[in-house]
Amino acid sequence: MELFYVAVDKEKEKKRKRIGRRYRALLGVALVFLISAGVVYATDFPNSLVESASLLVRTGSDADRGQTVTLWVTAVGPANASPTVAEFSSSVDFYPFQSQSVSLVVDDQDGYSEILNVSVPVVIGAETISFLIDNSTDASVSELSDANNRVSSLSLSASVVNSTAINYTLTFKVHVNATQDSSVDTGTVTAFDTAGGSGTGSQAGWFAYYEDVKLTSLSANPGTVAIGGSVTFSFAVRQDHDTSVTPVEDIDWITGKIELAGVEKCSDTSISAGVFSCSATVSSTPGTYNYTAFLVVTSASNTGNQSVLVTVTALASLNLKVVAADGSTLASTLTNTYVSINNGTSYTKLASAGWANFTGVTNNTNVVVTLRGFNSSNSNSALLVNSSNSVTINVTATMNRVLLASIYQSVSWSFKKQDGTVFTPAFFEVTFGNNSTKKNITSTGVFVNGSNTVNRMYWLGGNVKNSSTGFSVSSDAEALVFSGRIYRVSYVFRAADGSAVTPSQISLVAPNGTTIGFAGGYSNWYMQNGTWAPISILWQGSNVRLNVTDTYSPSSDGVTYQFNLRIYSVALQGQGLSDSTLSGVSFTVTFPNATVTGSLSANSSGYRSVGYAGNGTLSITGFWQSVKVNSSFSYALTADISPLNVKLQVGKDSSSNFRFAVGSGKMVLEELVSTYQVEPANVVVNDTTVLAGGGGWVYDSGTHLLTLTNSSFKQSTTIHDYSWNLGSTLLIFNATGSETLFKVSWAGVVVSTPPAAPASGPDGPGGVTLVVTPFTIGMNPTRYTAWIGETTTLNVDVGWTKVTEITVTQVEILGNHSGWVVLLTRLPQPVIYTAGGPKITLALTITVPADAIPETTKLSLKVTAESGGASATQQQPVDVEIRSRSAPSLSLGGGTNLGDYSLYGVAALILLIVGASAFGRSRKNRIRTNPKLSRHDVG
């Protein structure tokens with residue numbers, strides 16, 4: 001097989017990146033054909049045709065695998081073209097210290113990315129400022145020369161104009177302090193490329209620079225000033241060239257000055273938003289004065305001087321006295337009363353006699369008087385009797401004036417519930433009609449006139465004000481009464497059967513969202529308006545609230561609300577395994593709040609009323625003849641039960657002659673047939689004979705009960721036989737028969753019950769042994785496929801019943817290839833029963849070595865789990881079929897079949913040759929064959 005070699009001129013590497021793009025696709029198609037033909041299995045082709053490329057060739061022969069063929073490509077480009085400075089932006093106006101932008105375009109015909117840098121000189125007056133644009137990496141700009149620090153905020157942006165040109169935009173602030181406005185030219189702008197080529201250009205009038213400013217306005221505040229007063233002058237400055245342009249703040253070569261009759265009065269060197277301002281003291285002689293503003297500029301003439309008139313007047317005194325609306329003095333309430341004239345912000349406090357004195361008032365002027373305060377708990381302002389709370393006084397000389405205030409003294413108020421009883425709100429907020437001020441009222445005292453509104457009257461965290469609550473004060477010593485929406489309510493509570501019950505505590509969510517709890521009597525509680533919702537009604541320690549929608553909203557006094565509760569009537573009926581009634585029964589009951597009753601004796605029918613119990617679970621323990629025969633029988637209360645049948649583990653022998661039970665370390669037998677109602681001579685238990693009088697039993701001739709007191713008579717996992725030897729008659733019975741006496745538990749939970757006893761067994765006649773199986777192992781399927789040299793994941797489910805939680809403590813894999821299997825799940829693995837079903841999923845992997853042989857291997861999964869201290873083990877067999885994946889073979893010589901691939905191989909070689917030929921022609925011999933590396937046979 002022959003492939004061409006083409007060399008690369010690496011010195012032109014960067015300029016050739018675009019040359020091979022259109023032909024790389026054609027060569028890639030050839031490679032695809034080779035891959036399709038099964039000849040080329042891997043390639044290491046460069047990103048562009050500028051370096052060596054390797055083709056890894058595989059044939060059907062092992063000796064030919066992994067041979068490498070290398071291609072070289074040489075690309076020839078055009079000669080270097082020097083850059084040119086093509087064009088400049090149109091002239092724009094620059095002002096001192098204000099940012100503006102100008103641009104220029106640099107063109108390099110053999111690729112804009114080769115521009116190295118551009119030097120840009122700017123000539124303003126007698127100064128030349130130079131910038132350097134660096135394009136070696138990302139475009140950036142710096143000052144090349146700026147002897148007097150005229151430039152600030154210099155930045156650059158670059159954008160592509162076309163395939164060879166870049167537009168550079170310079171943005172900067174300039175302050176030249178020129179002697180006059182000027183047109184700014186460039187010097188010789190020079191652009192260099194990376195090959196050392198350069199080009200130049202220049203622009204006359206690239207931008208215009210304007211520095212002159214002028215005054216455009218002047219104002220004085222105030223325009224009329226009393227003798228010795230101060231006036232502030234403000235004078236606006238704008239650019240002389242364009243008066244719509246406001247100078248920036250740092251024009252530090254300009255000073256604004258104010259003169260009066262040629263004498264400087266004040267000055268300012270710090271301009272703000274184009275405005276100078278300064279203050280001066282006016283003359284001590286009344287009259288009208290003409291002030292002039294002008295600018296002092298260090299390097300340019302100033303224009304537009306402005307003038308303004310200021311009037312200086314003589315002074316007067318104004319004495320104001322405040323009294324109540326009826327003319328009476330308010331000396332005791334003047335501590336917070338204030339008077340203001342003109343501006344309404346600077347207030348003077350009244351003296352104890354009710355006077356406020358204002359000196360230095362401009363003579364022959366109108367002043368506006370307002371009042372504020374008096375008692376801060378009742379108002380903030382607006383106290384004059386007239387509705388506008390202001391009065392205008394013409395001051396013509398020193399004068400006294402009396403003001404009438406709408407102030408009323410000794411006003412009081414009280415608050416009452418709907419039934420007339422008094423309450424005290426947490427706070428009381430009023431909007432005063434005379435000035436719309438909102439204020440919390442905390443004490444009695446003086447008040448103002450006007451229509452006032454009660455906004456909020458808070459009690460128990462809620463607003464209890466009536467919607468129409470409003471008031472006004474029109475006289476002294478007025479007594480105000482405010483009614484709150486607070487109502488007397490009562491509660492009754494009913495059990496499920498309608499009987500009245502009394503809970504221990506009730507908790508309610510108040511209208512403001514807080515929770516309030518109370519206990520005891522539930523009559524005549526005061527509740528505010530709004531929606532109340534009971535969240536907890538406790539009875540026997542449980543929340544027995546029935547409905548979450550049991551809400552109510554008090555709107556009238558004396559209403560009673562009823563709540564139906566989840567409290568149920570409970571009665572118990574103790575029954576034997578084959579008896580509907582049973583005497584000698586008693587119970588202990590654990591209520592949902594964990595309180596436990598004493599012994600509750602049932603009647604001769606086994607019936608016992610427990611009374612009322614709240615929702616939740618009852619735990620019931622049953623006793624028969626003082627022997628515990630049931631432990632923690634549970635029942636969830638959802639309705640009245642009368643009675644609840646409690647099946648007690650009390651059985652009969654098959655002939656119904658004896659009733660018996662085992663528990664609490666004892667066995668008790670009751671003679672039911674008069675034939676046997678005598679104390680036996682002995683009792684045989686588990687092949688052990690217990691003799692009469694030997695201390696092994698107690699016999700009650702009145703109740704015909706025989707109690708075996710040896711605790712070994714009670715067994716927990718194996719059914720045993722019991723026999724009673726009555727003289728010449730030996731009664732034999734087993735503990736199961738058709739009844740169930742024993743149940744097997746694991747971790748305290750019953751998980752199995754015994755089947756009917758067989759005629760014989762490992763423990764003698766009628767005996768049977770129980771096997772505890774608290775959990776199972778599930779695998780679906782039980783037969784798996786694993787691949788040689790690969791890893792396969794297996795999932796194992798461990799499930800259980802009865803108990804609520806389980807912990808997998810150990811997993812073992814047994815078998816010939818157990819070393820291939822790895823458990824991914826960390827142990828121990830505890831899980832608590834959830835509604836989705838009790839199950840633990842364990843993950844395992846089986847990794848088959850590459851040198852393994854196909855076979856079917858048998859493994860065994862051994863799982864150990866525990867719950868509540870009890871442990872158990874289960875095993876599950878698993879079949880794993882070991883298989884290999886067959887790789888397709890290729891054959892290229894030595895009698896092999898090449899027919900399936902020959903067409904693809906020939907097509908690929910043709911595409912490579914055509915591609916190389918087209919590659920050379922398209923660039924007019926820019927890509928040429930290196931004579932030093934002509935051809936080479938590799939196949």
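Thr 186 lies in strand E13 (residues 182-186), where strands (E, at least two residues) are DSSP runs numbered from the N terminus. The model is a predicted one, in which local features need pLDDT of at least 70 and side-chain atom pairs count only at pLDDT 80 or more, while totals for chains, interfaces and linings use all residues. Residues are numbered from 1 along each chain as its sequence is written, and side-chain values use heavy atoms, with hydrogens and water left out.

Thr 186 counts as buried because its relative accessibility is 9%, the term buried meaning under 20% relative accessible area (1.4 Å probe, protein chains only). Apart from its neighbours within four places in sequence, Thr 186 is in contact with Phe 88, Pro 121, Ser 202, Gln 203 and Trp 206, contact meaning heavy atoms within 4.5 Å. A polar atom of the Thr 186 side chain lies 2.7 Å from the backbone nitrogen of Gln 203.

## An open sheet of 4 strands

An open sheet of 4 strands runs in the order E5-E7-E12-E11 with antiparallel pairing, two strands being paired if DSSP finds at least two bridges between them. Strand E5 (84-88) and strand E11 (151-160) are the edge strands, each pairing on one side only. Within this sheet, strand E7 (residues 100-107) and strand E12 (residues 165-174) pair in the antiparallel sense over 8 bridges, and Leu 104 has Tyr 168 in E12 as its bridge partner.

## Strands E67 and E69

Strand E67 (residues 775-778) has Phe 775 and Ile 777 on a covered face, whereas Thr 776 and Gly 778 are on an uncovered one. E67 pairs with strand E69 (residues 791-800) in the antiparallel sense over 4 bridges, and Phe 775 stands opposite Trp 800 in E69.

Definitions and conventions:
Buried < 20%, exposed > 50% of the residue type's maximum accessible area, 1.4 Å probe, protein only. Polar contact = N/O pair within 3.5 Å; in protein donor to acceptor, adjacent residues only side chain to side chain.
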